[in-house]
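Subject: Structure for your review

Dear colleague,

Please find the structure below, followed by an account of what was found in it.

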Amino acid sequence: MSTIIAGPRAAVLARGFRVVAIAEACSWIGLLIGMAFKYLVVFDDVGVRVFGPIHGALFVAYVVVALVTARVFRWSAVTTILALAASIPPAATIWFERRAVRRGELGGELGEERTGTSRA
């Protein structure tokens, strides 16, 4: 797979994408829990006040990192749109990150790190 940057810099970007994708999914789940508490349990919006801004910031960070990653790893338009669409349903960013690793769309570094094997 051809990238604009190579080697350790591409690996750092791929790891950064993974971190932001997981953080965005966790913040989404936290916001949903906060909303459940707000409307079903204690009728207090403290969970939404805490997780709302966190999720908002991580959502924006995910979109920016996804666009940068798409450019660097030269994703197709379909893959890029799928990455951006994954930011909407709860926890779908984790699914997309796993898919990108399986397909080699984040370079070989992440796949080799996790399995201990080289992808040729």
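This is a predicted model: local features need pLDDT of at least 70, side-chain atom pairs count only at pLDDT 80 or more; totals for chains, interfaces and linings use all residues.

Does R74 count as buried or exposed? R74 counts as exposed, at 51% relative accessibility, where buried means under 20% relative accessible area, exposed over 50%, and partly exposed in between, with a 1.4 Å probe and protein chains only.

Residues are numbered from 1 along each chain as its sequence is written, and side-chain values use heavy atoms, with hydrogens and water left out.

Positive phi values

R74 lies in the loop between α2 and α3 (77-85); helices here are DSSP runs of H or I with at least four residues, strands are runs of E with at least two, and both are numbered from the N terminus. Although R74 is not a glycine, its phi is positive, at about 55°. F43, likewise a residue other than glycine, has a positive phi near 55°. F43 is found in the loop between α1 and α2 and is exposed, with a relative accessible area of 62%.

F43 follows α1. This helix has 34 residues and spans 48 Å from its first C-alpha to its last, close to the 50 Å expected at 1.5 Å a residue (the expected span being 1.5 Å times one less than the number of residues). I29 is found in α1 and counts as partly exposed, at 40% relative accessibility. I29 also belongs to a nonpolar surface patch with L32, I33, M35, F37, Y39, L40, V41 and V42, and together these residues have about 850 Å² of accessible area. Such patches are made of residues with over 30% relative accessible area and no salt bridge, with nonpolar side chains (Val, Leu, Ile, Met, Phe, Trp, Tyr) joined within 5 Å and like charges within 9 Å. A salt bridge is a side-chain nitrogen of Lys or Arg within 4 Å of a carboxyl oxygen of Asp or Glu. The areas come from the Shrake-Rupley method with a 1.4 Å probe, and for residues only the protein chains shown count as cover.

F17 lies in α1 and is buried, with a relative accessible area of 0%. Neighbours within four places in sequence aside, F17 is in contact (heavy atoms within 4.5 Å) with Y62, V65, A66, T69, W75, F96, E97 and L106.

E97 is in helix α4 and is buried, with a relative accessible area of 1%. E97 and R18 are 79 residues apart in sequence, and their C-alpha atoms are 6.3 Å apart in space. R99 also lies in α4 and counts as buried, at 10% relative accessibility. Leaving aside neighbours within four places in sequence, R99 is in contact with T79, L82 and E105.

Yours sincerely
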